[in-house]
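Subject: Structure handover

Hello,

Please find the structure below. My notes on two parts of it follow.

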Amino acid sequence: MSALSTFKNIYFMELRKLITYRADFWINFLGQTVFSILIAFYLWTSIFESQGVDTINGFTLNKIFFYYLIVPIVFRLQQGETIGAISGDIYEGRLNKFLLYPLSFYLYKIATYLAHSSFFIFQLFALTIIYSVFFDTKNEVNFTFINLFLFVIVLIVSSITYFFLNSITELLAFWADNIWSLGVVTRFMTSFFGGAIIPISFFPQWALSILDYTPFPYMINFPMKVFFGEYTLSTYFQSLTILMMWMGLFAVVSNSIWTKGKYQYTGVGI
Amino acid sequence: MIQVKNLSKTFKVHTKEPGFMGSLKSLFSRKYVTKQALNNIDLTVNPGEIIGLIGSNGAGKTTLTKILSGIIHPTSGEVSVVGFDPWKKDNRYRSQMSLIMGQKAQLWWDLPAMDGFLLLKEIYKIPEQEFYESVNYLSECLMVTDQLKIQVRKLSLGERMKVELIAALLHKPKVVFLDEPTIGLDLLAQKAVRKFIKEYREKYKPIMILTSHYMEDIEELCERVVIMKEGSFIFDGSIEKIKKDFATNRLIKASVSLEDFDKAKNLQFDKCETLFNGGIITIHAPKELAIDVSKKLMNSVKIIDLNIQEEDIGSIIEEIMKKEIER
């Protein structure tokens with residue numbers, strides 16, 4: 001109960017911090033949205049026209065627009081804080097406070113991470129509503145309360161999974177002088193193999209079979225499928241269980257790196 | 001009580017040749033050097049005691065503070081602070097300890113200090129009433145009540161240090177590590193911080209370890225001083241002991257009449273260091289020669305005012321450190 005209350009306080013404090021930067025919020029929102037719409041429109045309109053078909057790999061033109069509007073936000077939402085949120089603490093000595101306060105490092109970091117993630121939920125719902133008002137989405141999305149609830153659950157689990165995966169590379173900062181590139185590679189792999197750049201149904205079958213053994217499709221493709229209502233309860237729980245197993249594995253690895261890494265920490269300067 | 005036995009800490013750091021070629025080389029092979037930050041030190045600090053840690057840069061003061069607070073792990077040796085091993089990060093220890101680093105902010109920069117305090121209230125489980133009493137008491141003492149609702153990054157350096165002090169003391173810690181709490185502050189802010197630390201100490205009687213390069217901090221706040229050099233202690237004792245053992249000089253300050261000032265400039269005093277500034281002559285004389293030097297001065301020129309005093313503690317400590325460096 002007490003940990004939950006601390007979690008809640010950290011979460012809301014981080015949200016307050018984020019809201020402080022209103023301009024950044026709106027620029028990010030408008031910039032990303034306009035960018036996504038323009039790319040999706042010009043690229044996919046020409047692809048559909050050149051192919052002369054109504055559907056490609058299960059996507060209509062309307063659905064692919066919607067997909068590209070939503071997937072960047074799901075991706076950003078899942079990726080919470082920017083690269084360097086933990087490594088920066090190590091390099092600049094901000095980690096001190098987590099070692100001094102009677103507070104779990106992971107509790108604090110997950111709370112702030114989820115605060116960053118949930119900051120994008122507003123964007124997600126705003127765009128969904130705007131798009132649904134101007135375009136016919138009846139055939140693409142079946143908005144029900146249960147769909148929405150299951151979607152939010154997947155978003156939370158996939159965000160925490162990405163947090164632990166990212167923390168593995170970030171915590172290597174205890175040994176390495178710069179982990180930026182590693183963070184970029186992790187981010188790129190997750191976005192590409194997860195379906196944020198191209199929906200993974202466009203991948204060849206052999207690649208999909210391999211990807212099944214990786215966490216990536218469960219982190220982006222799975223939430224997107226839930227968003228579009230393309231699941232049954234049994235496939236939902238099966239995928240959620242696999243995602244949670246990946247989360248557990250990343251948490252164990254991350255924690256063991258944290259335990260060993262603390263011995264390397266100098267707190268900046270000697 | 002703090003007990004440290006045979007404590008050592010070494011750091012392995014890599015070196016790099018300057019320039020692009022140096023960076024390129026370091027991609028393939030790196031050279032490391034080992035730095036001995038602490039060298040087999042022993043220390044005991046009794047309950048309620050405040051000690052001043054002094055030493056030149058890199059002497060090991062901050063490393064010792066970081067080990068005692070549990071931030072870094074010692075290479076070898078034993079450490080016990082109020083019955084806990086700091087490295088184990090037992091919450092019972094962390095709840096009664098605080099570290100204030102003058103050069104490193106711990107509060108959340110993007111938020112007003114009060115928001116940070118409220119989170120600390122939650123982290124340290126401070127009861128509501130006790131929390132507001134502490135905030136009021138501490139902010140009034142430090143005269144920053146009006147600054148608590150302003151974003152920390154927008155405060156002046158002095159105000160920031162004051163709110164950092166409040167954040168660190170909200171939970172009334174029994175062990176307080178102060179690492180250069182007055183660094184970069186103007187004289188008024190330094191005085192205010194010193195006055196506050198003094199009052200806080202009288203009220204709550206915590207164990208305090210103060211690291212500072214400002215001798216006023218040490219002289220005003222500490223009864224005991226530990227001087228460090230290259231990871232070892234070169235002196236551990238009271239300020240009185242320093243004066244007794246190392247105050248070998250007396251400071252003679254004399255105002256000389258204008259017509260005699262040039263004459264005074266030509267006077268020679270053996271084994272003394274003489275300085276002239278305006279109409280004032282300042283002589284650092286060995287204590288056994290102080291009377292003779294004063295007499296010679298009074299017999300040679302017209303003196304308006306004469307003052308003989310012990311050297312200030314800062315100069316004595318400076319002298320001890322200088323001698324150690326020359327050794």
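Gly52(B) stands opposite Leu210(B), a residue of strand S7(B). The model is a predicted one. The pair belongs to the contact between S3(B) and S7(B), residues 207-211 of chain B, where the strands run parallel and four bridges join them.

S3(B) is also joined to S8(B), residues 224-229 of chain B, again in parallel, by five bridges. Here Leu53(B) has Val226(B) as its bridge partner.

How many of the six residues of S3(B) are buried? Six of the six are, so the strand, residues 50-55, is largely enclosed by the rest of the structure. The burial applies to both faces: Ile50(B), Gly52(B) and Ile54(B) are buried on one side, and Ile51(B), Leu53(B) and Gly55(B) on the other.

Helix H3(A), residues 61-78, packs against helix H6(A), residues 105-134, at an angle of about 165°, and their axes are 7 Å apart. Angles over 145 degrees count as roughly antiparallel, so that is how H3(A) and H6(A) are arranged. The crossing of H3(A) past H6(A) is right-handed.

The residues in this contact divide into 13 nonpolar, six polar and one charged. On the H3(A) side they include Phe65(A), Phe66(A), Leu69(A), Ile73(A) and Arg76(A). Among those they meet on the H6(A) side are Tyr113(A), Phe120(A), Leu124(A), Leu127(A) and Tyr131(A).

Regards

Note on methods:
Residues are numbered from 1 along each chain as its sequence is written. Chains are lettered from A and ligands numbered from 1 in the order in which they are written. This is a predicted model: local features need pLDDT of at least 70, side-chain atom pairs count only at pLDDT 80 or more; totals for chains, interfaces and linings use all residues. Side-chain values use heavy atoms; hydrogens and water are left out. Buried means under 20% relative accessible area, exposed over 50%, partly exposed in between (1.4 Å probe, protein chains only). Helices (H or I, at least four residues) and strands (E, at least two) are DSSP runs, numbered from the N terminus. Two strands pair if DSSP finds at least two bridges between them. Axes are lines fitted to C-alpha atoms, for helices over the stretch in contact, and angles run from 0 to 180 degrees between N-to-C directions. Angles under 35 degrees count as roughly parallel, over 145 as roughly antiparallel, 65 to 115 as roughly perpendicular and the rest as oblique. A crossing is left-handed if the near helix is turned anticlockwise from the far one by less than a right angle, and right-handed if clockwise. Contact means heavy atoms within 4.5 Å. Ala, Val, Leu, Ile, Met, Phe, Trp, Tyr, Cys and Pro count as nonpolar, Asp, Glu, Lys and Arg as charged, and the others, Gly among them, as polar.
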